[in-house]
Amino acid sequence: MQKIIKEPILNRARNLFLIFLTTLGIITITNYSTASLESKYQKRFDNQRTHEALGEEILTDLIALESEFNKLSSLEDPRDLALAEKKIKELQIELQDIIQILQKGGYFRKDIPANLNEKNEFEYLLVYERSEKEGYVVEVLELLPRILDLEKISQKLINSVDEKLSASTPDERLAAIARTSSLLKEADTFLLRSRESANRIHYESHLEMQEISAEQEQILKYAEIIKIIITLAAIIVGGYLSYRMFQQIKDLLQARKTAEISLREAELHYRTVADFTYDWEYWRNPDGSLKYVSPACERITGYSVEYILKHPNFLQEIVIPEDAHIWEQHGLETEHKHKPREIQFRIRRKDGSVIWLEHTCQ
């Protein structure tokens with residue numbers, strides 16, 4: 001009975017432990033995967049946000065450049081022209097720097113502020129990872145020649161305004177003003193096309209950010225649902241196995257208690273009978289020690305019960321040497337065949353006399 005009950009308990013305990021380890025492993029892997037996904041999406045999101053900021057910065061510079069172009073036609077002082085020329089060149093350099101960054105393609109590991117005013121701050125905050133698969137190559141290929149055309153137009157405008165300011169005759173002044181007006185119209189065309197490319201960089205990045213956020217939310221939602229389902233399944237299965245295991249332990253303890261009570265009652269009854277039987281009886285424990293020796297032993301062998309209990313191999317010691325092989329063979333047969341068999345052999349009593357015994361072991 002003990003083997004029948006004990007085996008399922010051990011199996012359920014082992015299965016419960018395996019379920020715990022498996023659940024822990026799955027939850028750990030799920031958490032790691034979720035964290036990796038969050039990091040991946042965050043990287044993509046930050047990259048698009050940086051592109052959006054770059055597109056916005058290009059638009060800001062183009063608007064500032066347009067404003068400087070419009071001021072050129074109204075300038076009357078060479079010193080104002082020098083300041084305007086300096087400002088235009090600074091804006092053109094900043095535009096070229098942004099275009100060069102976009103032209104590489106890759107990921108931005110750090111974001112740049114939306115309101116970017118100083119070039120040094122821009123270079124300090126932007127850390128770039130080169131990647132051939134990312135970037136805004138098409139928009140940059142469209143934007144780069146237009147920026148170069150704007151540089152040429154701006155230089156022609158500055159020269160035209162300079163000619164107007166240094167003109168010596170009214171005709172020369174009028175001709176310079178006409179050229180300036182024509183160049184401004186041409187510059188407006190390049191500015192319009194440049195803003196279109198910058199707008200695509202800005203707004204397409206914004207749309208991409210929204211798509212990334214929606215995709216990330218959806219995938220992380222599914223991952224969380226899967227994790228919850230796995231956790232609930234593990235709790236239900238583990239709870240059921242735990243209940244069954246504890247129920248069987250309870251049944252086992254109850255059965256053991258009942259068996260112990262029955263055994264004590266049977267042993268007391270049998271011992272009472274054995275104490276008054278004419279034959280000598282003894283009981284051995286599984287380890288070979290003697291558990292009980294009936295009082296008849298002293299009448300048969302001359303040795304007391306206390307003495308025999310202290311000498312578990314007592315019977316083997318008092319067997320006549322000529323009959324020792326009978327006792328040894330009997331022990332082997334009993335151990336391997338587990339069948340009771342009667343044998344007869346001689347022993348030497350305490351007073352030295354020899355008598356015959358009939359022995360049965362089971």
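**Exercise 1.** Is tyrosine 307 buried, partly exposed or exposed?

*Solution.* The classes come first: buried means under 20% relative accessible area, exposed over 50%, and partly exposed in between (1.4 Å probe, protein chains only). The relative accessible area of tyrosine 307 is 34%. Tyrosine 307 is therefore partly exposed.

The model is predicted: local features need pLDDT of at least 70, side-chain atom pairs count only at pLDDT 80 or more, and totals for chains, interfaces and linings use all residues. Residues are numbered from 1 along each chain as its sequence is written, and side-chain values use heavy atoms, with hydrogens and water left out.

**Exercise 2.** Classify the ring pair of tyrosine 303 and tyrosine 307.

*Solution.* Rings of Phe, Tyr and Trp (its six-membered ring) pair if their centres lie within 6.5 Å; planes under 30 degrees apart count as stacked, over 60 as edge-to-face and the rest as tilted. The whole structure holds 7 aromatic pairs. For tyrosine 303 and tyrosine 307 the centres are 5.1 Å apart and the planes stand at 20°, so this pair is stacked. Tyrosine 303, at 17% relative accessibility, counts as buried. Ring pairs also join Tyr303 and Tyr307 with Trp280, Tyr282 and Phe314 in a cluster.

**Exercise 3.** Find the residues that leucine 157 touches, leaving aside neighbours within four places in sequence.

*Solution.* Contact means heavy atoms within 4.5 Å. By this rule, leucine 157 is in contact with Phe69, Leu72, Thr180, Leu183, Leu184 and Ala187.
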